[in-house]
Every structure is written in C-alpha cells, then in structure tokens.
Amino acid sequence: MRTEIKINEYERIDDLHRNGYKIIQDPKRFCFGADAVLLSGFAKVKKGEKVLDLGTGTGIIPILLEAKTMGSHFTGLEIQDESAEMAERSVALNGLEEKISICCGDVKQVSQIFKGKKFEVVTSNPPYMNEGAGLVNPFNAKAIARHEVLCSLEDVVSGASKVMESGGRFYMIHRPHRLTDIIILFRQYRLEPKRLRLVHPFQDKEPTMVLIEGIKGGNPGIKVSPPLVIYSEPGKYTEEVYEIYYGEGQA
C-alpha cells in the first residue's frame with residue numbers, strides 16, 4: 001500500500017490532465033504557467049533517453065515529459081529546498097519514484113552535482129527578467145523564479161552544455177527580447193541553434209515567448225517554425241495548444 005503523501009493546508013493539488021497525474025502547488029510561492037506546458041510540448045525526447053530539467057521548480061516539466069514521452073529517466077534540479085521537497089512529494093503522489101528524481105542544488109554547480117553524468121536532453125524554463133534591481137525581497141520564491149537572482153541566462157546555458165552528450169539537445173523557453181543574448185550564448189557554449197518558434201497570445205499580437213532548441217556540436221542552420229498561437233479568441237485555446245495541454249482535440 002502506498003504511503004500517504006503529506007499535503008500542507010496552504011497547498012493545493014492540481015490535475016495535469018495527463019495519465020491521471022497531479023501536482024502539488026503553493027499559490028503563495030510560485031505556480032507553473034503556460035510556458036512550462038508549452039516547453040513540454042516543444043521538447044523532443046526519444047525512447048530510452050535521459051532528461052535533465054534545470055530549475056525544475058515543483059517538477060512540472062519532468063512530470064509532463066514522463067507522461068508524454070518514452071524517455072527512460074527524468075531528473076529535476078532545483079535550488080530552492082522547499083520547491084524541491086514539494087516536487088519530490090508530487091513525484092511520489094504519482095507513483096513515479098523510479099522514473100523521476102529531484103535534486104536540490106545550484107545550476108552553477110551542475111557539473112559537480114552530476115559528476116560526469118551526461119544527458120541526451122536538457123530542458124529549462126529559467127527566470128526571464130534580468131532587471132533584478134528594485135525588488136522589495138529579491139530572495140523570495142516568486143522573485144527567484146522570475147528574476148535572475150540566483151542564476152543568469154549564461155549560467156543556465158553553460159550548465160546545460162556541461163552535462164550534455166555530444167549531439168544532445170537543449171530546449172528552452174524565454175522572452176523574445178532576450179533572443180540575441182540567447183543565440184550568442186548558445187554558440188559560445190557549443191549549442192548550435194537548430195529550431196526556433198515564437199509564441200503569440202493571439203494571431204494579431206506580438207510574440208511574448210520564444211521556444212528554442214540547440215544541439216551540442218551541431219552544424220549551422222536553424223529552422224524557424226510557424227508561430228504558435230495560444231488563443232483563438234479570449235478564453236479559448238487554439239487546437240494546437242489544446243492538444244499540448246490535454247492530448248486531444250477540443251470537443
């Protein structure tokens with residue numbers, strides 16, 4: 001019989017609409033958003049591959065990728081011990097202890113943490129905002145998740161490169177205004193940009209997110225995919241986004 005998983009009174013359990021999986025979240029800390037779900041739909045994981053998610057938060061991306069792919073094992077690295085502990089409980093809640101591991105540690109120390117272990121796939125939904133100055137409390141959970149307080153974009157990209165096999169794939173979601181920085185850093189750390197997709201809230205609006213794939217040691221040449229539009233009208237997902245969330249077309 002499975003041990004009962006502790007749920008604190010300030011936490012909630014959300015349905016992920018995939019394989020019956022659920023996730024534990026604390027609304028006062030940080031809850032996952034559309035960016036994590038879209039990244040899980042953009043990342044390609046082949047049968048038997050090992051995946052590392054940098055800055056995993058409460059483990060949303062490893063859990064979704066386990067549901068959507070045939071990867072052999074998924075590891076989430078998270079610097080905030082409270083979030084890592086919550087992620088471990090979500091893994092246990094779904095009975096995924098043999099498929100998903102959560103590690104509490106710093107992205108800047110990733111090569112020491114994994115001691116030469118190499119992954120075929122690395123993913124990250126890192127902090128977007130580099131204007132950390134002026135935060136009332138730069139070290140609360142939401143600030144750490146949103147701002148480059150404890151790690152920079154370069155820390156994430158260089159960390160991914162260090163723990164990837166040659167030919168391995170790195171998938172990231174970020175903001176379009178950082179795209180120049182992203183491509184420069186990818187090439188600096190031998191992650192050749194190979195696929196890029198802009199995400200628009202509506203068809204006639206500017207993009208608010210960018211999905212990008214880099215291959216370690218890959219040859220030059222990037223494919224720009226058609227835009228991904230989230231809403232067909234206010235409150236209604238497009239067919240493609242509905243498929244990413246729920247795995248089936250809209251009724």
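The side chains of aspartate 181 and arginine 178 are joined in the predicted model by a salt bridge with an N-to-O distance of 3.1 Å, a salt bridge being a side-chain nitrogen of Lys or Arg within 4 Å of a carboxyl oxygen of Asp or Glu. Arginine 178 counts as buried at 7% relative accessibility, whereas aspartate 181, with a relative accessible area of 34%, is partly exposed. Here buried denotes under 20% relative accessible area, exposed over 50%, and partly exposed the range in between (1.4 Å probe, protein chains only). The model is a prediction in which local features need pLDDT of at least 70 and side-chain atom pairs count only at pLDDT 80 or more, while totals for chains, interfaces and linings use all residues. Residues are numbered from 1 along each chain as its sequence is written, and side-chain values use heavy atoms, with hydrogens and water left out.

The structure holds 11 salt bridges. One of them links glutamate 49 with arginine 169, whose closest N and O atoms are 2.6 Å apart. Because glutamate 49 lies in the loop between helix 1 (34–42) and strand 3 (50–54) and arginine 169 in strand 7, this pair ties together parts that are 120 residues apart in sequence. Helices (H or I, at least four residues) and strands (E, at least two) are DSSP runs, numbered from the N terminus. Both glutamate 49 and arginine 169 are buried. A network of salt bridges also links Glu11, Glu85 and Arg89.

Strand 7 (residues 164–174) is mostly covered, with eight of its 11 residues buried. Strand 7 pairs with strand 6 (residues 119–124) in the parallel sense over five bridges, and with strand 9 (residues 209–216) in the antiparallel sense over six bridges; pairing requires that DSSP find at least two bridges between the strands. Arginine 169 is the bridge partner of valine 121 and stands opposite isoleucine 215 in strand 9.

A further salt bridge joins the side chains of arginine 195 and glutamate 213 (3.6 Å, N to O). Arginine 195 lies in strand 8 and glutamate 213 in strand 9, so that parts 18 residues apart in sequence are tied together. Arginine 195 counts as buried at 15% relative accessibility, as does glutamate 213 at 8%. A polar atom of the arginine 195 side chain also lies 3.0 Å from the backbone oxygen of phenylalanine 42. Residues up to four places away in sequence being excluded, the contacts of arginine 195 include Tyr171, Leu211, Ile222 and Ser225, where contact means heavy atoms within 4.5 Å.

In helix 7 (residues 179–188), Ile182, Leu185 and Phe186 are buried. These residues cover an arc of only 105° around the axis and therefore fall on the same side of helix 7, the arc being that of the directions from the helix axis to the C-beta atoms. Thr180 and Ile184, on the other side of helix 7, are exposed. The buried residues of helix 7 pack against helix 6 (153–162), strand 7, strand 8 (191–200) and strand 9. Arginine 190, which follows helix 7, has a positive phi near 60°.

Histidine 73 is placed in strand 4 (residues 73–78). The C-alpha atoms of histidine 73 and glutamate 98, 25 residues apart along the chain, are separated by 8.0 Å. With residues up to four places away in sequence not counted, histidine 73 touches Glu49, Lys50, Val51, Glu98, Lys99, Ile100 and Ser101.

Notes. Polar contact = N/O pair within 3.5 Å; in protein donor to acceptor, adjacent residues only side chain to side chain.
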